[in-house]
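Subject: Structure handover

Hello,

Here is the structure for you to look over. My notes on the core and the pockets follow below.

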Amino acid sequence: MPYSSPIPDNTPAKPVTIKTLHKRKADGEKFVMISLYDAPMAAMAQKCGVETVLIGDSLGMTVLGYQSTVPVTMEQMIYHVEAVARGNQKSLIIADLPFMTYATLEDALKNATRLMQAGAQVIKIEGGRWLADTVRRLSECGIPVCAHLGLTPQAVNKFGGFRVQGRDPERAQEIAEDARILAEAGAELAVLECIPSALAAQITRDVPIPTVGIGAGRDTDAQVLVINDILGLTEQPPKFAKNFLVEAGDIPGAMKQYVDDVKAGTFPGDEHIFL
């Protein structure tokens, strides 16, 4: 049965595309992303006006009980991409390539193809300028790419934990330059995770592609949160998260409140921002 709730149906009138998001940036209009993993949540998010849904490899921690995203496999990602695609008709579907599935150009092309054929419309990869050739080749093959900079969870073992990135000037300059290089290579979007708000604002001004913040302040073109954080299901939520279910009282209400607060610029608040 189709989902029913008292919240008005705000499903986008037309399917959301990369062009939709680029126009939002040009017009100065915020858009919303939620990381989720199944058909019912995808259908509900669409109805609440969520423009983009991300099947993140965060599912390793939020659904499968791993300590990081590193153990997530292609088969697990494909399973959840297919589920989300069955529940969604209008939101843009973005999917992560999991750990070490794009270390070579050949692997990136093969595995991105598998996710696109499962229902993804954009592929997200974590890393800096070393991925420029991969971004360029995927784009040439008709596969839109979302870059992911700052705290890249697949590199958690290299970082020594889930730590804010870009607080020192040298690292901040590196992240900003990576964003510019990947945009020039053909990336269509860039997720900025756990970086100082001033750095995220600078990158958002400097690159022509939409930026999506998570723990990156309020000046990015969009925000993304994991559905578990929106619904208060995370035992130790990160600083940048907010439990919207407490105020809203039900799941669709929590999603709608998140959407409304992002678009109004009231989320993230000062308490969710890294300086």
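**Core and pockets**

This is a predicted model. Its largest nonpolar core holds 89 residues. Leu36, Leu115, Ile203, Ile227, Ile230 and Tyr258 touch the most other members. Helix 8, residues 169-185, supplies the largest share of this core, with 8 residues. As background, nonpolar side chains in soluble globular proteins tend to be buried together.

Take Leu115. Setting aside neighbours within four places in sequence, Leu115 is in contact with Met74, Met77, Ile78, Val81, Ala95, Asp96, Leu97, Ala120 and Ile123.

By class, the lining of the largest pocket splits into 17 nonpolar, 10 polar and 8 charged residues.

The second largest pocket has about 460 Å³ of space. Of its 22 lining residues, Glu126, Gly127, Trp130, Thr152 and Ala155 lie nearest its centre. Strand 5 (145-150), helix 7 (156-159) and helix 8 each give two or more residues to this lining. Which element gives the most to the lining of the second largest pocket? Helix 8 does, with 4 residues. The class count for this lining is 9 nonpolar, 7 polar and 6 charged residues.

Best wishes

Conventions: Residues numbered from 1 in each chain as written. Predicted model: local features only at pLDDT ≥ 70, side-chain atom pairs only at ≥ 80, totals over all residues. Heavy atoms only, no water. Core = buried A, V, L, I, M, F, W, Y, C linked by side-chain atoms within 4.5 Å. Buried < 20%, exposed > 50% of the residue type's maximum accessible area, 1.4 Å probe, protein only. Contact = heavy atoms within 4.5 Å. Nonpolar A, V, L, I, M, F, W, Y, C, P; charged D, E, K, R; others polar. 1 Å grid on protein atoms, 1.4 Å probe; cavity = no way out; pocket = protein on both sides within 12 Å on 5 of 7 lines; lining within 4 Å. Points joined across faces, edges and corners; volume = space filled by probe spheres on them.
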